[in-house]
Amino acid sequence: MKTRIGLVGSGYMATEYLKASRAVSSLEFVAIHSRNMETAARLASEFGVSIIANSVEDFADQQLDFVIICVPELATFEIIATFSKLKVPLLVEKPVGITLREALSIEANSKADSIPLFVALNRRFYGSTRHVLNELAQTSGKRFVQVNDQENTIAAIAAGQPRQVVENWMFANSIHIIDYISVVCRGEPTLLRKNTTYMSKNAYIVHAEVTFSSGDVAIYTCFWNIPGGWNVSVSTENRTWQLSPLESARARSLGDRQYTDFEADELDNRFKPGLVRILMDLDNYCNGRDHSLISISEANKSMMLIDMIYAND
């Protein structure tokens, strides 16, 4: 029997999950709910979703194994509370909470209600990221990670993002890249130093150094409303890996004259990177197999790290 999934939302990410499901034959989307019933109906027709649900009650009779939530940031808290009534596991698009306080509240509620809640940190599921982490797991000693972030709140405002979301943009968007620090570095973090360089009132650079109880060190730099790009560099004593762009990985050992590129990932080329592997692991979870889904408590480590870096900003 196929794993049965309900989908909440009908925007870009909901569409991408439906596309990715075409690569995972062992599961099926059987119901969709959205505040925009027109787009929900269009997606249901295009991807063969049998039930267009008007409310959470319409999901209750579908014997769902999982619900995936892809809604705007400011709706996430309420939607999680509503669909937790189904008492089935939830996979929620990040950020799960527009602030650390909200994220921790969602975590506490899920534990109190005994609802398994996972966060779709899809960059952990990139083929490129998996290559690096698999090699890194075979090493010992200290790790040094450099993470470059770039955020454009001017463009976000122009695109119609709500003011509350823009004011918390580090949680809403920087989590994508800061999460690499959580993935690579081990132990408890401490903010060693931080400074901000202002180019103008709205253009500035945040630079932070975070040390970990394991001895690992992370350097985080974010270019706010300044040209830049997302990239990650991870180093041990004898080997360095680069993700630039994040979908591409390469490595270089101490004696090498140049970097060696990892083979491009076919699934990430065909579908939105990471989503097929998330759906595969969702199916693994539902069938009692090993999986790599990210729990809300694990994801909140990145939310706490963001809060540490941007405290008082």
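**Note on the predicted model**

1. Proline 245 sits in the loop that runs between strand S12 (239-243) and strand S13 (249-253), where helices (H or I, at least four residues) and strands (E, at least two) are DSSP runs numbered from the N terminus. The peptide bond joining serine 244 to proline 245 is cis, with omega about 0°.

2. Residues are numbered from 1 along each chain as its sequence is written, and side-chain values use heavy atoms, with hydrogens and water left out.

3. Most residues other than glycine have a negative phi, and most peptide bonds are trans. Glutamine 63, which is not a glycine, has a positive phi of about 50° and lies in the loop between helix H3 (56-60) and strand S4 (66-69). Asparagine 225 also has a positive phi, near 60°, and belongs to the loop between strand S10 (217-224) and strand S11 (231-235). Glutamine 63 counts as exposed at 66% relative accessibility, whereas asparagine 225 counts as buried at 19%; buried means under 20% relative accessible area, exposed over 50%, and partly exposed in between (1.4 Å probe, protein chains only).

4. The largest nonpolar core has 98 residues, and those with the most contacts inside it are Tyr17, Phe29, Ile68 and Tyr310. The largest share of this core, seven residues, is supplied by helix H13 (residues 296-310). Such a core is a set of buried Ala, Val, Leu, Ile, Met, Phe, Trp, Tyr and Cys residues joined through side-chain atoms within 4.5 Å. Once neighbours within four places in sequence are left aside, tyrosine 310 is in contact (heavy atoms within 4.5 Å) with Met170, Ile178, Lys194, Val206, Tyr220, Cys222 and Trp224.

5. Helix H1 (residues 12-20) and helix H12 (residues 275-286) have axes that come within 9 Å and cross at roughly 70°; axes are lines fitted to C-alpha atoms, for helices over the stretch in contact, and angles run from 0 to 180 degrees between N-to-C directions. H1 is therefore roughly perpendicular to H12, a class that covers 65 to 115 degrees, with under 35 counted as roughly parallel, over 145 as roughly antiparallel and the rest as oblique. Met13, Glu16, Tyr17 and Ala20 of H1 meet Leu275, Val276, Ile278 and Leu279 of H12, and these residues divide into seven nonpolar, no polar and one charged. Here Ala, Val, Leu, Ile, Met, Phe, Trp, Tyr, Cys and Pro count as nonpolar, Asp, Glu, Lys and Arg as charged, and the others, Gly among them, as polar.

6. The axes of H5 and H13 come within 10 Å and cross at roughly 165°, so H5 is roughly antiparallel to H13. Their contact is made by Leu100, Ala103, Leu104, Glu107, Ser110 and Lys111 of H5 with Ile296, Ser297, Asn300, Met303, Met304 and Asp307 of H13, which by class gives six nonpolar, three polar and three charged residues.

7. Threonine 15 has its place in helix H1 and is buried, with a relative accessible area of 15%. Apart from neighbours within four places in sequence, threonine 15 is in contact with Ser10, Leu43 and Phe47.

Notes:
Predicted model: local features only at pLDDT ≥ 70, side-chain atom pairs only at ≥ 80, totals over all residues.
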